[in-house]
Structure formats: C-alpha cells, structure tokens
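This report looks at selected sheets, strands and helices in turn. Please keep the sequence and structure at hand while reading.

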There are 4 protein chains.
Amino acid sequence: MIIVTKRGVTQDEVDHIRERVESLGLRTHVSQGEHHTVIGCVGDESRLEGVSLLAIPGVDTVHAVMRPYKLASRDFAADPTQIPLGGVQIGGPEVLVIAGPCSVESREMLLATANSIKSHGAKALRGGAFKPRTSPYSFRGLGEEGLEILAEIRAETGMPIVTEVMDTRQVDLVASYADMLQVGARNMQNYNLLTEVGRLRRPVLLKRGMSATVEDLLLAAEYVMSQGNPNVVLCERGIRTFGTATRNTFDLAAIPVLKQETHLPVIADPSHAGGRRDLVAPLSYAAIAAGADGLMIEVHPQPETATSDGDQSLDFPEFATLMETLRPFVAAAGRVLAE
Amino acid sequence: MIIVTKRGVTQDEVDHIRERVESLGLRTHVSQGEHHTVIGCVGDESRLEGVSLLAIPGVDTVHAVMRPYKLASRDFAADPTQIPLGGVQIGGPEVLVIAGPCSVESREMLLATANSIKSHGAKALRGGAFKPRTSPYSFRGLGEEGLEILAEIRAETGMPIVTEVMDTRQVDLVASYADMLQVGARNMQNYNLLTEVGRLRRPVLLKRGMSATVEDLLLAAEYVMSQGNPNVVLCERGIRTFGTATRNTFDLAAIPVLKQETHLPVIADPSHAGGRRDLVAPLSYAAIAAGADGLMIEVHPQPETATSDGDQSLDFPEFATLMETLRPFVAAAGRVLAE
Amino acid sequence: MIIVTKRGVTQDEVDHIRERVESLGLRTHVSQGEHHTVIGCVGDESRLEGVSLLAIPGVDTVHAVMRPYKLASRDFAADPTQIPLGGVQIGGPEVLVIAGPCSVESREMLLATANSIKSHGAKALRGGAFKPRTSPYSFRGLGEEGLEILAEIRAETGMPIVTEVMDTRQVDLVASYADMLQVGARNMQNYNLLTEVGRLRRPVLLKRGMSATVEDLLLAAEYVMSQGNPNVVLCERGIRTFGTATRNTFDLAAIPVLKQETHLPVIADPSHAGGRRDLVAPLSYAAIAAGADGLMIEVHPQPETATSDGDQSLDFPEFATLMETLRPFVAAAGRVLAE
Amino acid sequence: MIIVTKRGVTQDEVDHIRERVESLGLRTHVSQGEHHTVIGCVGDESRLEGVSLLAIPGVDTVHAVMRPYKLASRDFAADPTQIPLGGVQIGGPEVLVIAGPCSVESREMLLATANSIKSHGAKALRGGAFKPRTSPYSFRGLGEEGLEILAEIRAETGMPIVTEVMDTRQVDLVASYADMLQVGARNMQNYNLLTEVGRLRRPVLLKRGMSATVEDLLLAAEYVMSQGNPNVVLCERGIRTFGTATRNTFDLAAIPVLKQETHLPVIADPSHAGGRRDLVAPLSYAAIAAGADGLMIEVHPQPETATSDGDQSLDFPEFATLMETLRPFVAAAGRVLAE
C-alpha cells in the first residue's frame with residue numbers, strides 16, 4: 001500500500017500515519033516529494049484490508065500494490081487449474097460446451113433437449129430448477145421437482161448436470177443432485193451463499209455480477225476457495241452499461257484478462273451476454289477466439305413458448321449449426337472440442 | 001404491450017403472433033403502417049410477463065405500456081404510505097435521520113455513538129452485526145453478539161434499531177432483535193431473501209443495488225409487498241458508473257422519480273453514495289432538497305479505527321454540525337426534522 | 001508517479017526503468033517489498049505526461065501522485081475565482097440563474113422569454129443559434145440570424161447572453177455577439193475548439209461531457225486556461241449511465257468534488273440532467289444545496305411547440321414558481337440570489 | 001411513433017395530442033386500453049424527429065417504431081457496401097488490416113514501421129499528424145509536417161494512408177494528403193466536422209464515441225452520408241463503463257449488431273479497446289470471429305519511447321506474430337486476409 005499525503009501535511013500527521021500502519025505490523029518508508037510525502041507500507045498488505053486509511057488526517061490518496069485476492073491469483077498457482085466435469089477437464093486443452101434450457105419445464109422437454117445437444121457435441125446439461133426472476137409474478141422454476149427431472153435425464157443420457165443454487169438453505173439439496181453448482185450473476189456478492197458452496201468440493205460455476213469488476217469477480221471466487229473448495233469456474237456473461245442494443249454488454253476482454261490474473265478456468269455465456277438468439281453464434285466464436293475454456297448456451301425445443309429466456313434460446317437446428325460452425329474457431333485457437 | 005413487426009413480415013407471421021398473444025387471454029389490435037405492422041395487446045399485460053415475444057418469428061421490437069410493478073406503484077395507492085419507526089412516520093411531514101456505525105464493534109462504542117447521535121436529533125440507530133464484505137479476509141461483523149448489543153443499547157436509549165439481514169437463514173433471528181430490517185445493495189436481487197422478509201410485517205429498508213434501475217428497485221419492493229409486507233422504505237445509495245471521484249455515483253434524480261412512481265417512502269444514504277466524509281454534508285442537504293423522507297448516516301467515535309467504512313464515517317462533532325446545518329434545508333423543503 | 005514492478009522483475013529491468021525515468025529529468029527512489037519493487041519518481045511529474053511507462057518491460061502498474069491539471073487546481077489558486085457576467089460575480093456569494101430557450105426560434109419568442117425570466121430573477125439569457133443535434137434531420141438552429149436576435153434582445157432587456165459555439169470557424173463570429181461562450185457536452189473534448197476559446201478573454205461556460213470524469217472536465221478547462229483565458233465556468237449536466245428513468249444521470253456529487261478540486265465556479269444544468277420538466281425544480285434545489293454557484297434552466301413560451309428540448313423546458317409560470325421556491329434553498333446554503 | 005397516455009387522460013387531451021401529430025402530416029389511430037389510451041402515429045415518422053411529444057399534457061411515454069437513420073440502414077441498401085482502399089474492397093470478402101504508429105514521430109520511424117507492417121500483410125498505414133490529447137501538456141502531433149511525411153511514405157511503399165482530422169478548418173488540408181479520413185471517438189458528435197467530411201467523397205473512418213450507443217454511431221454516419229458521402233467505415237473501439245481492467249470496454253457484440261443494422265463496413269480497433277499490448281491479439285481474433293471487416297492496430301518500432309499510446313502499441317515482432325496467428329481465425333470466419 002502506498003499512501004500519498006495532502007499538500008501541507010504536518011510532521012505530526014505523517015508520524016501519526018506511520019504509527020497507525022506500523023501498529024498493524026507493517027513497516028513504513030517515507031519519501032519526500034516537492035509537494036507530497038509518499039509513505040510506502042512494506043509487509044503483509046492484507047493486514048490493511050478494510051482499514052480506513054483515508055480517514056487518517058493528512059492522507060490524500062491510497063494506492064494498493066498487491067492484488068487483494070490470493071488463492072485465485074496467478075501468484076498462488078502458476079499452472080492453469082483443471083476442473084473435471086463429466087470426463088472433461090475444464091481449463092485443459094479441450095473446450096467444453098454446456099447447453100440446455102433456461103428452466104426445466106418438464107421431463108419431456110428436458111430429455112428431448114439433452115438428446116439433441118448431446119448428439120451435437122455438448123458435454124454437460126444446464127437447466128434451472130430455482131430461477132431468479134426480476135418480477136415476482138414470473139415463473140420461478142419447478143424447485144425440487146426440477147432437480148429430480150435433471151437427475152433422471154442424467155441417468156438416461158449420462159450427461160452431468162449444472163444447475164443454479166440461489167439460497168443458503170438449498171445448498172445441500174441442490175448439491176445432492178447437481179454435478180456443478182451455478183451461482184448466478186445476481187448472487188455473485190451473496191457472500192453467505194459463496195461461503196456455503198465453499199464448504200463443498202463440488203465444482204462451482206461462478207457467474208460475473210452485472211456491475212462486478214474483474215477484481216470483484218476474483219474476490220468472489222476467493223470467498224469460495226478460502227472455505228476450502230478450489231473448484232471454481234468463472235463465467236463472463238455481460239455487464240450493465242449504457243448500451244441498449246443488447247441485453248448486457250459482453251465484456252470479451254475480461255476473458256484474456258482473467259486468464260492472466262487467475263489460474264481458474266473461464267467460460268462465457270453468450271446467451272445472456274447478448275440476450276438475442278442471432279448473437280449467440282458470433283459471440284460464441286469470439287469467446288473461443290479470445291481464449292475461453294468453454295461456453296454455456298441456452299437451448300429450447302421451441303423458444304417462443306419458453307417460460308423464461310426464450311428470446312435468447314437457440315432451437316435444436318440452430319444449436320446444431322452453431323456446433324458445426326464453431327469447430328474451425330476452436331481449431332484456430334489451438335484447442336479441441338471435448339468429445 | 002405493443003409489438004412492432006419486422007419489415008417484410010408475412011400475414012402468416014402476423015396471424016401467428018396474434019394467436020400467441022390471444023392464447024394468453026389478451027386481445028390484439030392490428031395497425032398497418034407503411035413499413036411495419038403494429039400489434040397492440042389489450043388486456044392484462046402482466047400475463048405477458050416473461051413471455052418470449054421476441055422469439056416469435058416476425059417480431060422486431062416489443063414496447064411495454066404498463067409498469068411491471070403493481071403494489072408499489074402510484075396507481076395502487078395514490079397517497080404516500082407512512083411507515084412507523086420509533087414514533088416517527090417515515091414518509092410523513094417529518095424527516096427521519098438514522099445514524100450509527102457501519103459495524104457494531106463493541107457495547108461501549110455503540111452506546112457512546114447512540115447517546116451522541118440521539119442528543120443531536122437522530123431518531124433511529126443503525127449498526128451492522130452481519131456485514132457483507134468484498135474480501136473474505138475483512139471483518140464480517142460480530143453476528144448474534146452484535147444483535148444483542150444493539151438490543152441492549154435500544155433498551156438504554158429508547159432508539160429503534162436498523163440492522164442488515166444477509167441470509168434467509170438469519171431472517172427470524174435478525175427480526176427478533178431489529179425494529180427495521182435492512183436489505184443491502186448486494187442483496188437487492190436476492191429474491192429468496194426478499195420473499196422471507198416479505199413474510200414478516202417488520203419494516204424493511206431496501207437499498208438500491210449498484211446496477212439496479214429504478215424499475216428494478218421497484219420490482220424488488222414488489223417482491224416484499226407481494227408476500228404481504230407493505231412496509232418497505234426505499235434507499236438511494238449510489239450506483240456504479242464510470243466515475244472514479246466518488247465511491248458510487250449518487251443518483252439524486254432517482255429520489256423525485258421514485259416519489260412520483262411509488263407511494264413508498266424514499267430515503268438517501270449519503271455515506272455510501274459518496275464514500276467520503278467530506279461529501280456527507282452536501283449530499284445530505286441535496287437529498288432533502290430533492291424530496292427525500294430521511295437520511296441514513298454512518299457515524300463512528302473514531303473513524304480512522306473503524307473496522308469498516310471509516311473513510312465515509314463522521315465523528316461526533318461532524319455529525320453534530322451536520323444536523324445543525326441540515327435544519328434550514330429541511331425547512332426550505334417544507335418539512336420538519338423528526339423530534 | 002509511483003511505478004510498481006511485476007513479480008520476478010530482474011535487476012536489469014529495474015535499472016532500465018530507472019534510466020528511462022531519470023532521462024526525463026526526475027529522480028527515482030527504489031523500495032524493495034516482499035513481492036514487488038516500488039520505484040518512486042520524484043520531481044516534475046508533468047514530464048511523465050503521456051510517457052508509456054507500462055510499455056517498459058517489468059512494469060506492472062503506475063500510480064499518479066500529482067493531479068494532471070495545474071492552472072485549474074486548488075493548488076494554483078486557493079481562493080475561488082469570480083467571473084463577472086452582467087454585473088454578477090459568478091463564484092461569489094451570489095447565485096446566478098441563466099435561463100432561456102434551447103434554441104432561438106424567433107425574435108418574438110426570445111423577447112417574451114427574456115422579459116418573463118428577467119422579471120422573475122434570471123440575470124442572463126441563454127439561447128442557441130448553432131445547435132448540435134443527434135440527427136442530421138433535426139432543426140440545427142438559425143445560425144447568425146439567431147445571434148443577431150440575441151444581440152437585439154440584449155439591447156432591449158440589458159441581459160447578457162450565453163450561447164453555444166460548436167466550430168472553430170465560428171469562434172470569432174459567436175464571440176462578437178456573446179457575453180459568454182458555451183462549449184457543449186459533445187465538444188468538451190474538441191481540443192481545437194477549447195484552444196480557440198482559450199485565445200479570447202470572454203468567459204467560457206464549459207459543459208461536462210457525457211462520459212467525462214471530473215478529471216477529464218478539469219483537463220478540458222486546463223486547455224482553455226493554458227491558452228491564457230482564466231474565465232472558465234464549469235457546468236454539471238448529467239452523465240451517461242445504465243439508468244433509463246432520466247435522460248442523463250445527474251452527478252450531483254461532482255459539484256462539491258469540483259468545488260474542492262478547483263477554484264473555478266461550478267453551475268448545474270438541471271434541464272439536461274433530468275431531461276424532464278417535472279425534475280427541473282428538485283434538481284435545482286439540490287444543486288444549490290450541494291454548493292452550486294448557479295443554474296442554467298431551459299424556458300420556452302410554449303414547450304410543446306419547441307423546436308428542441310421541449311420535453312425539459314419550463315413554461316413561464318413554471319419558471320416563476322421555480323424561482324420563488326428556490327429562494328429558501330439559496331438562503332439555507334448561505335447564499336443570495338443575484339438581483 | 002406510438003404515444004401512450006397517462007392514466008386519467010381527458011378526452012380533450014387526447015384530441016389535442018392527435019391534432020398536434022396530425023398537424024405535422026401524420027395520421028393517428030387510437031386504441032383504448034383499460035388504463036391507458038394508445039395513439040399510433042402512422043406516416044413519415046421522421047417528421048416527429050425532435051418534436052417534444054412528452055411536453056404535451058397527458059402524454060406518458062413515447063415509443064419509436066422506425067429507426068431514426070435512413071441512409072445508413074439495411075432498409076436503404078440490403079447489400080453490404082464495399083469501400084475501396086488501396087486495392088482492397090472494405091466490406092467485401094477480404095479482411096483488411098490497417099496498422100501503424102499512433103503518432104507520426106519522424107520520417108525514419110514511419111518508414112521503418114510501414115516497411116515492417118507491409119511485409120507482414122497490413123494493407124494500409126495509419127499515423128496521426130493531429131492528435132487529440134486529454135492533457136494540453138502532451139504531444140499533439142507534428143501537424144502538416146506529419147501529413148507530408150505520411151505522403152512521402154505512401155510514395156515509397158505504395159500503402160494508402162489513414163489519418164485523423166480534428167478540426168473543420170483542416171478538412172481540406174488533411175484530405176489533400178489522406179486516402180481515408182479518420183474521425184476520432186471524441187469527435188463522433190462533432191456535427192460540423194461530420195458535415196465537412198460528408199462534402200467530400202474520400203472514405204471516412206468513423207470511430208465510435210466513448211459513450212455512443214449503436215444508434216448514436218449510425219446517426220453520426222447518417223450526418224456524413226446525408227451530405228453526399230456514402231463511403232463510411234464504422235469502427236468499434238471500446239466504450240466507457242465502470243470497468244477498470246482495460247482502458248475501455250470492447251463492445252464486441254456491437255460488431256454483429258452493426259452488421260445487421262447497417263450495410264456499411266465495420267472494423268475494430270483492439271489497441272484502443274483494451275489499451276494493453278497483451279490484449280491486442282485476443283481482441284483481434286475475437287473481432288474477426290464476430291464478423292469484423294478489418295482491424296486497425298497500433299505498431300511502433302519501440303513502444304516504450306512512443307510519444308503516445310506506447311502502452312498499447314505492438315513492436316514489429318509482435319505484429320508479425322499477430323498476423324500469422326490471425327490467419328486461421330480469418331479462415332474460420334470464411335474470409336481471406338487482403339493480399
């Protein structure tokens with residue numbers, strides 16, 4: 001941490017700043033500029049986490065030197081972490097495609113979807129049983145019945161299932177069915193939920209919050225990892241900006257930035273990012289081109305009748321086409337589609 | 001809902017769009033323009049909530065006519081709702097000031113703070129026992145011990161207490177201590193939490209999420225209200241934008257916009273909005289000038305030692321000065337400070 | 001400037017960074033942390049302006065210590081600058097209200113407007129002769145004819161005129177008519193235009209760009225001032241965010257932040273910030289409460305027929321009411337309305 | 001345009017709204033809902049451009065049916081426009097790479113750069129002679145001397161040159177040297193500049209403004225086209241959001257959205273979008289994957305000594321590697337690199 005003082009800071013104020021920092025176990029190092037005094041804080045910067053340095057008289061600005069996350073950082077693990085799901089190592093050379101409906105609506109539609117996506121190369125099945133909806137009057141999922149349907153379809157198709165958990169009280173229940181637990185964008189800073197999924201060893205798919213910076217996302221991953229669960233997959237799914245042409249603004253550059261900052265795998269959700277069926281393909285190609293380790297795609301037998309997210313869901317032929325046209329981009333990226 | 005079709009839409013597509021809408025119990029009304037066909041949907045628009053109209057072939061854009069919230073809207077209740085807290089009617093002619101530390105750190109500091117703010121005109125005491133923190137390595141609150149301290153200080157000072165609930169599992173516990181339950185910005189779209197606090201009748205202080213539109217905030221209030229709890233107070237606390245000069249961007253205009261759109265009371269949190277001690281006073285004056293029904297202010301005996309949010313906490317003399325200088329603005333707004 | 005190196009930086013890289021900085025005339029000061037080396041750069045930081053420090057091998061992050069603006073900063077002039085306009089000192093104890101139509105539409109409407117606003121306490125007349133419009137098919141102003149009308153109305157009413165200049169080629173022409181030259185939000189980073197108005201001594205009203213930070217705004221002022229024109233008045237008029245309830249998001253906190261960072265006067269434009277007639281009054285009250293030195297308000301004899309910005313223009317009775325209800329807020333702020 | 005009235009609108013108000021719309025030459029069509037009256041406006045919607053419908057008593061919201069741009073829209077030209085530059089048809093099957101330094105610094109550096117990029121497959125040379133800089137104290141370009149150097153290097157290498165014009169007074173000068181005129185992000189809404197470049201037939205490279213929506217960008221193109229110049233190439237270069245990990249947020253989805261909305265070619269500028277050397281390659285791959293017609297890349301012989309944008313400039317070997325690794329993505333997109 002580097003502390004820059006205000007113009008006209010007094011020696012007493014500088015002494016007081018140093019005492020405060022040193023009382024927390026760091027050393028200080030003062031450098032006198034023409035207009036400002038700069039106080040470098042040397043030692044374990046995490047001890048200054050949450051400390052109100054700006055509240056100390058004479059302090060003008062504070063600059064962090066270290067990243068605030070540790071377990072999630074490249075410094076902690078130089079090699080990419082690989083997380084197994086259904087025979088694929090997410091984060092390895094293979095690119096994983098997770099697909100399925102936004103919501104589990106019935107056994108029939110889920111089975112049809114699973115069979116179709118599997119035949120075209122998807123390796124994991126997504127489907128929501130508990131759905132976060134902006135309006136209390138929208139369909140909120142089948143709940144435990146949805147989980148049971150997911151488990152049945154897994155049994156029939158052999159595909160691992162990815163489903164969302166929204167509530168600390170549901171973590172054990174959802175974990176008893178799911179192969180991978182999804183924490184949604186709206187819950188990315190639901191810290192108690194992060195803590196609970198951190199107590200498991202089940203892989204966690206952590207979606208970026210709508211107003212989360214890259215650092216916020218990595219700190220959310222740190223919550224899960226600091227509880228003992230290292231199996232976190234990050235997901236870029238668009239952020240909220242002034243733009244209105246798309247549902248969210250797909251922050252594509254976050255993919256290579258994350259790949260540098262962390263050893264965790266990174267996938268993309270082009271369905272939510274664009275919010276439009278016709279954008280799923282170009283955003284998928286681009287995500288793979290930028291280095292994503294996988295994709296999560298919404299697919300529905302008949303999007304216009306979907307109980308949620310039909311606007312952005314592909315139908316079966318569209319998904320088949322996507323998978324076919326995706327292959328050359330996967331190859332260009334020096335990867336292979338998981339088979 | 002008004003549906004605008006694509007150029008070159010076919011009659012079959014128009015028929016299909018109409019059938020889909022009519023199958024949901026609305027009537028349709030077609031108007032033929034030069035380039036576009038416009039299909040008005042007449043009836044209970046809420047039946048179209050979550051329906052994927054854009055997924056129907058031939059649809060170009062969809063425009064909502066009705067607000068998606070009902071109980072929270074001005075149409076539902078023309079008169080302002082007043083919500084009682086400690087002898088004050090929030091949303092009435094009196095302006096309420098809630099103050100206190102970000103976190104409850106000890107009995108002593110809370111008692112000292114409560115006595116000081118009470119003597120200067122605050123009518124309710126805030127203090128966090130469960131704290132959402134961006135980093136898992138920061139102090140996360142005293143938990144139930146903090147709630148007990150809050151209850152003790154209420155007993156000694158007579159001030160009602162406002163404290164945050166972060167987890168569906170803690171709702172009953174927190175409600176057994178608190179006079180008003182705060183749902184924080186990061187949990188504004190934690191729908192299960194909203195549902196749980198909606199099952200109580202205890203007043204809820206609902207803080208706007210960092211990337212929530214005014215409509216999102218009112219839909220979050222609708223979640224609480226649709227469960228049967230009409231006692232929701234909204235709180236503007238700043239949104240996330242490109243700006244870096246302040247912690248958040250205080251969306252002052254949201255205050256008068258909300259006062260028009262809803263009958264619920266609206267207060268402001270200038271401490272989080274600006275994130276800087278020196279901005280608390282001007283933002284407080286402005287919030288009252290714009291029509292806020294109250295303020296929530298962070299106060300700490302010694303901000304530089306605070307375990308959280310010291311940068312934006314006032315000390316006792318600063319709070320005393322604020323309350324004094326606030327009065328003329330309250331009077332200019334045609335209100336009185338709650339006594 | 002403080003340079004933080006990457007983990008594993010070599011001694012050669014550190015030496016090379018130091019040489020590069022020292023070759024620009026600064027001294028360096030190295031501090032060795034556990035994981036990072038920190039290189040403080042002591043001396044005239046402006047010599048590093050625009051230098052690509054991040055392009056030097058081994059550099060991880062760079063932190064500025066000094067503000068990048070000088071003439072506009074509080075360090076340059078501790079006392080508030082006062083800028084005269086029509087007998088008022090903008091930035092002094094008096095609060096100035098500038099009012100008038102978005103566009104000059106005719107002599108009659110401008111005279112009627114000027115007489116009405118003058119009788120209610122406005123001290124300067126605004127009106128656009130050259131109009132920046134999002135669409136090339138919208139009315140773009142009367143041009144020089146508009147300037148002539150403005151001059152005539154000044155002669156009749158004695159009110160100084162404020163009008164926009166959009167083009168370097170028009171600076172002399174507009175300056176030959178206007179008492180104050182407005183640089184609009186869309187031109188805040190039109191650096192050649194800033195340079196041209198900087199060559200005059202005529203007061204400049206510099207509106208904040210839609211995506212300009214506070215620092216960007218002050219650097220734009222610095223452009224004008226560095227050419228020799230110290231008479232710059234800053235104007236907060238809303239920024240672009242994800243919000244949709246208002247035309248722009250009024251960044252109220254920018255007013256007190258600017259008052260701290262700079263000695264220049266700061267006014268607010270509640271008409272553009274909210275984009276809605278019904279928000280002009282609460283935003284005006286709030287701006288004054290937060291310390292603004294003045295307001296610029298759009299007024300039109302019959303807003304629904306306005307050629308531009310009618311949605312946000314007050315009619316005469318609305319303006320009269322605003323001025324009356326504004327007075328107590330001006331008094332609460334310890335100011336007086338300019339008379 | 002569709003007008004939705006307020007609850008409780010009177011018949012007189014509805015009549016008045018209709019009269020106002022009909023007086024502008026459109027027909028109206030009233031549909032009575034339970035709570036709202038909806039007034040469809042049929043006819044040439046552009047006559048309502050800039051009309052203040054919200055200022056009419058009784059109007060609640062207004063929804064546009066037509067796009068506000070015409071010449072730039074797909075409706076105007078169903079087939080992609082191809083714009084010639086140096087033997088390549090931008091917008092055709094070939095992908096064009098424009099490269100070169102941010103600023104022209106000297107004849108030597110420009111020649112070296114031109115030779116190097118040409119040998120690796122770039123087909124046009126960029127280089128700034130007039131530079132918009134955030135600070136007035138930064139290097140602002142060599143001016144006309146820079147243009148002369150550009151022309152010399154064109155003569156030596158045969159590469160067409162792309163350079164920025166910032167000022168209406170420089171349009172003829174710059175056009176006398178440049179093969180393609182760049183309008184920078186900060187000038188995207190400098191309407192007089194757009195008008196001036198619209199009077200030429202020289203191709204224009206129009207960069208998206210930092211806070212410009214897709215619609216704003218197309219309206220800026222419309223300014224140029226409506227003056228008679230159809231040769232506009234659009235450039236996505238990142239927008240301003242809350243994100244801090246990159247200089248701007250690369251709005252990748254804008255590329256396929258633009259390709260749908262307009263017949264104009266669309267290229268990407270990964271150098272500015274990411275602001276970091278190490279992001280240029282992944283962003284370039286992704287842009288091509290998403291359908292971009294070309295790329296503009298900053299290249300400098302020695303980035304750390306660049307007078308501007310060194311942080312994001314590739315050196316020669318990096319550019320060579322980029323071009324080589326780009327080819328498979330170009331092929332995957334069904335395109336070829338211009339040769």
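This is a predicted model: local features need pLDDT of at least 70, side-chain atom pairs count only at pLDDT 80 or more; totals for chains, interfaces and linings use all residues.

## The helix over the sheet in chain C

One pairing can be followed down to residues. β2(C) and β3 (residues 37-42) of chain C are joined by 6 bridges, in the antiparallel sense. Here C:Gln32 stands opposite C:Thr37 of β3(C).

## The open sheet in chain A

Chain A has an open sheet of 4 strands in the order β2-β3-β1-β4. Its pairing is antiparallel.

β1 (residues 2-5) of chain A runs antiparallel to β4(A), and 4 bridges join the two. Among the residues involved, A:Val4 has A:Thr61 in β4(A) as its bridge partner. Helix α1 (residues 11-22) of chain A lies across β1, β2, β3 (37-42) and β4 of that chain. It runs at about 155° to β2(A).

## Chain A as a whole

Chain A holds 10 helices and 15 strands. Along the principal axes, its C-alpha atoms fill a box of roughly 75 × 45 × 40 Å. The chain has 339 residues, and 63% of them count as buried.

What share of the contacts in chain A with a separation of 6 or more comes from residues 24 or more positions apart? That share is 65%.

## An enclosed strand in chain A

Strand β12 (residues 232-236) of chain A has 5 of its 5 residues buried, so the rest of the structure largely encloses it. Both faces take part. A:Val232, A:Leu234 and A:Glu236 point one way from β12(A), and all are buried. A:Val233 and A:Cys235 point the other way and are buried too.

β12(A) pairs with strand β11 (residues 204-207) of chain A. This pairing is parallel and spans 4 bridges. A:Lys207 has A:Cys235 in β12(A) as its bridge partner.

## A helix pair in chain D

How do the axes of helix α5 (residues 191-198) and helix α6 (residues 214-226) of chain D cross? They come within 7 Å and cross at roughly 40°. The two helices, α5(D) and α6(D), are therefore oblique to each other. Their crossing is right-handed.

On the α5(D) side, the contact is made by D:Tyr191, D:Leu194, D:Thr195, D:Val197 and D:Gly198. They meet D:Ala220, D:Tyr223, D:Val224, D:Met225 and D:Ser226 of α6(D). By class, this contact has 7 nonpolar and 3 polar residues, with no charged ones.

Terms used
Residues are numbered from 1 along each chain as its sequence is written. Chains are lettered from A and ligands numbered from 1 in the order in which they are written. Two strands pair if DSSP finds at least two bridges between them. Two residues are in contact if their C-beta atoms, placed from the backbone, lie within 7 Å. Axes are lines fitted to C-alpha atoms, for helices over the stretch in contact, and angles run from 0 to 180 degrees between N-to-C directions. Angles under 35 degrees count as roughly parallel, over 145 as roughly antiparallel, 65 to 115 as roughly perpendicular and the rest as oblique. A crossing is left-handed if the near helix is turned anticlockwise from the far one by less than a right angle, and right-handed if clockwise. Ala, Val, Leu, Ile, Met, Phe, Trp, Tyr, Cys and Pro count as nonpolar, Asp, Glu, Lys and Arg as charged, and the others, Gly among them, as polar. A residue is buried if 20 or more other C-beta atoms lie within 10 Å of its own, exposed if 12 or fewer, and partly exposed in between; C-beta atoms are placed from the backbone.
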